[in-house]
Amino acid sequence: MVRTRSRTLFWVALTVAALQTASLPPGLTRAIASDRDELALFENRVRPVLTAHCIKCHGAAKQESGLRIDSKSMVIKGGDRGPAIIPGDPDRSLLVQAARRQGELKMPPDETLRPEEVAGLVEWIRHGAPWPAESVRPSTRGGSITEKERQFWSFQPLARISPPDVRDRSWLRTPVDRFILGRLDGEGLKPVGRADKRTLIRRATFDLTGLPPSPEEIDAFVSDDSPAAFAKVVDRLLTSPAYGERWGRHWLDVVRYADTAGETADFPVREAYRYRNYVLASFNADKPYDRFLREQIAGDLYAPEGPPEQYEEQLAATGFIAISRRFGFDSQNYQHLTIQDTIDTLGQSVLGLSLGCARCHDHKFDPVSAADYYALYGIFDSTRYAFPGSEESKRPRNFVPSMPPRNSEPLKHAQKAKLEPRDVYPLLYAVAEGESRNARIQLRGEPTRLGREVQRRFLEIFGGDPIPAGEKGSGRRLLADWITQRRAASLAARVMVNRVWQHHFGFGLVRTENDFGVRGAPPTHPQLLDFLAARLIESGWSIKSLHRLIMHSATYQLSSDTDVAAAKRDPDNRLLSHFTRQRLDAEEIRDSLLWLGGNLDRSVGGPHPFPPVETWGFTQHAPFSAVYDTNRRSVYLMTQRIKRHPFLALFDGADTNVSTAHRDLTTVPTQSLFLMNDPFLHTQSSLFAERLVSATSDEQERIASAFRWALARPPDSGEQGRSAAFFTNYRRELASCGVLAKDVPKAAWAAFARTLFARNDFLFVD
């Protein structure tokens, strides 16, 4: 089951006063065994719900409706409506009444907690609401880094981990399985059986390419009885250009990629696509992840030393920094916020740390000081960002030439011919070295209130390496080395391994994928996380090698069927006794519809058709806004910061204003209405119908073909019969409506296609 979470988090404001009132479903009623620590119930079933949905609105910083829920005493005290819980009596507890949605308050307002989440709250209260000594909200910190903080798990160097011994060695396929089976054995659980081959190839194909498998690819795999059959499928998919388009999109989510600047008028950035294409090409090339990071932080500094043919590529990589969001009417006056966006995104995407929280004061929870923040700030303040334009200064400038400085002949030619530089060679939305300087601490984050100067350096928790005296330049090259070659490399490897695991299984081994700090979730399988991180480094930082290690495992190839015992003991499937069913994301849905219609343009996307720059006069009252239709893959759609693409917004695409580690999926009526009524959906169903009608005149064969294309499986006998009855009835209805006989077949098959597109087995991957 796909987990849906409230976007607003306001529901917590009355989590207490609103959750859903449904009786506990059979099989979900929990009896805590007498020999089991009751606090495990809180840690495994209750704390995740409170942390994910409640703390933001009902923690120390904010108490909507007077409610605070980060300690047992506060929950019992309650808010404006009285006590939130009555230990031992879940039915009279406001928290449960709200969760069950039976009374006046129904929270969250736009969705419902899953039955097992409600069941966990009920069982917890029934057992007296046991609560550990530590509160949900970690204690705030201050002062120098303590030894305890230095010993925090995510700051430790990687240790050599040996996979554990297990009883059933016959189930094992890769070392990954030993870690998973070891945990299951310890909980008295067993993995379910292996997925059937049709399910497995559909899972793997969507996983690695974001597209469905063709019937021919399915048949070839099903008929291949060799032990290496699935390994061959994985290798084929990893060599497809679609792989980079899929996995590059995951990275673009994390680095909050957009084609506009984000200030009040949201100016277009014509050259941003070059960074996007750099990311996609890097994944396809299996560029070592450490090099991938170094190029994005300091590609302009590595480029002069490399082959000339890679010069433009390495400069384009620094789009990672250049695409930082711009702010305000005149974004040049808000450069401190743009640098904060750079630091925050770097911290979350690469290190899993919320570094931006230290802009105004020392981080309240993690060992990151304001001095750490401004030490990094000085590095980026010594960097020249390309300027995209703004309401006050409408023309872009400081874009970086794509040619080496030593190759000046084209520039001289342009000057003589009075040509724009971009008419001679591409300009890049990238960064370059600026004036080197240290930063002063901005008191309370205000650039007009300056404190002491801070030497540029790395984070103290990782040694605090300084920029050497006399070092010329910003220090970005040293920063790239500190992250990938020194003590922080272990954390960078853990964070990326966790992201890969997340996109294979639906959730990471650390479920707070952007937060490996004190407030983040601890890893469910810490030894496995470190084992995989070490293997990533040993493989030369090869992401594709990591895919193979994970996907070849018995764990990845499990069925999505659930075991009754596991459903009770591990309802969130944290122990991975089965594969967690996942909904297609926005890009997968759109790309699949284009693919089925036969009109998917597989070419690489280029620049968008923005208006000519000389016409730009966008303002906060008339900001740039556009939607450009294309049949290319969705990763090539023009995406804005201020106004999201309507399709991507409807189906929960990434938020382009912040690092999106995990897309929170919703189920809302407008999605169903789209799948019934939208012109794009009708166009694609008609094109799919044409393909089916032209392939054969036999209705039963068409039905079977439609299922095989759309759902990657043949229909069963019941579906075949119901489908035939659908056509009989629908043709009768069309005739009664006066539809011409010649138009009936296509209209009927298009309608049938829409029924397939709305099915769960089209929209979900098992």
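Is Leu576 buried or exposed? Leu576 counts as buried, at 2% relative accessibility; here buried stands for under 20% relative accessible area, exposed for over 50%, and partly exposed for what lies in between, with a 1.4 Å probe and protein chains only.

Before I continue, a word on the basis of this presentation. The model is a predicted one, in which local features need pLDDT of at least 70 and side-chain atom pairs count only at pLDDT 80 or more, while totals for chains, interfaces and linings use all residues. Residues are numbered from 1 along each chain as its sequence is written, and side-chain values use heavy atoms, with hydrogens and water left out.

Let me stay with Leu576. This residue has a positive phi of about 65°, although it is not a glycine. Its place is the loop between helix 23 (564–569) and strand 7 (582–583); helices (H or I, at least four residues) and strands (E, at least two) are DSSP runs, numbered from the N terminus. A second residue other than glycine with a positive phi is Asp286, at a value near 50°. Asp286 sits in the loop between helix 12 (273–284) and helix 13, and it counts as partly exposed, at 22% relative accessibility.

I turn now to the packing of helices. Helix 13 (residues 289–302) packs with helix 19 (residues 476–485) at an angle of about 170°, and their axes are 8 Å apart. The axes are lines fitted to C-alpha atoms, for helices over the stretch in contact, and the angles run from 0 to 180 degrees between N-to-C directions. Helix 13 is therefore roughly antiparallel to helix 19; the scheme takes angles under 35 degrees as roughly parallel, over 145 as roughly antiparallel, 65 to 115 as roughly perpendicular, and the rest as oblique. From helix 13, the contact draws on Asp290, Leu293, Arg294, Ile297, Ala298, Asp300, Leu301 and Tyr302. From helix 19 come Arg476, Arg477, Leu479, Ala480, Asp481, Ile483, Thr484 and Gln485. Contact means heavy atoms within 4.5 Å. The residues of this contact divide into eight nonpolar, two polar and six charged, where Ala, Val, Leu, Ile, Met, Phe, Trp, Tyr, Cys and Pro count as nonpolar, Asp, Glu, Lys and Arg as charged, and the others, Gly among them, as polar.

The next topic is the aromatic rings. Rings of Phe, Tyr and Trp (its six-membered ring) pair if their centres lie within 6.5 Å; planes under 30 degrees apart count as stacked, over 60 as edge-to-face, and the rest as tilted. By this rule the count comes to 46 aromatic pairs. One of them joins Phe647 and Phe674 in an edge-to-face arrangement, with 5.2 Å centre to centre and 65° between the planes. Phe647 belongs to helix 25 (residues 646–650) and Phe674 to helix 26 (residues 669–677), so this pair ties together parts that are 27 residues apart in sequence. Phe647 is buried, at a relative accessible area of 7%, and Phe674 is buried as well, at 9%. Elsewhere, one aromatic cluster is formed by Trp251, Tyr257, Tyr275, Tyr278, Phe283, Tyr289, Phe292 and Trp541.

Charges over rings follow. A charge sits over a ring if NZ of Lys or CZ of Arg is within 6 Å of the ring centre and within 35 degrees of the ring normal. Arg203 lies over the face of Phe579, at 3.6 Å from the ring centre. Lys197 lies over the face of Phe221, at 4.5 Å from the ring centre. Lys197 is part of helix 8 (residues 197–209) and is partly exposed, with a relative accessible area of 22%. Residues up to four places away in sequence aside, Lys197 touches Phe221, Val222, Asp224 and Ala229.

I close with two further residues and their surroundings. Thr264, in the loop between helix 11 (241–254) and helix 12, is partly exposed at 27% relative accessibility. Beyond residues up to four places away in sequence, Thr264 touches Gly328, Phe329, Glu391, Thr619, Gln620, Pro623 and Ile642. Val400, in strand 2 (residues 400–401), is buried at 8% relative accessibility. With neighbours within four places in sequence left aside, Val400 is in contact with Leu315, Pro426, Leu427, Leu428, Ala430, Val431 and Ala432.
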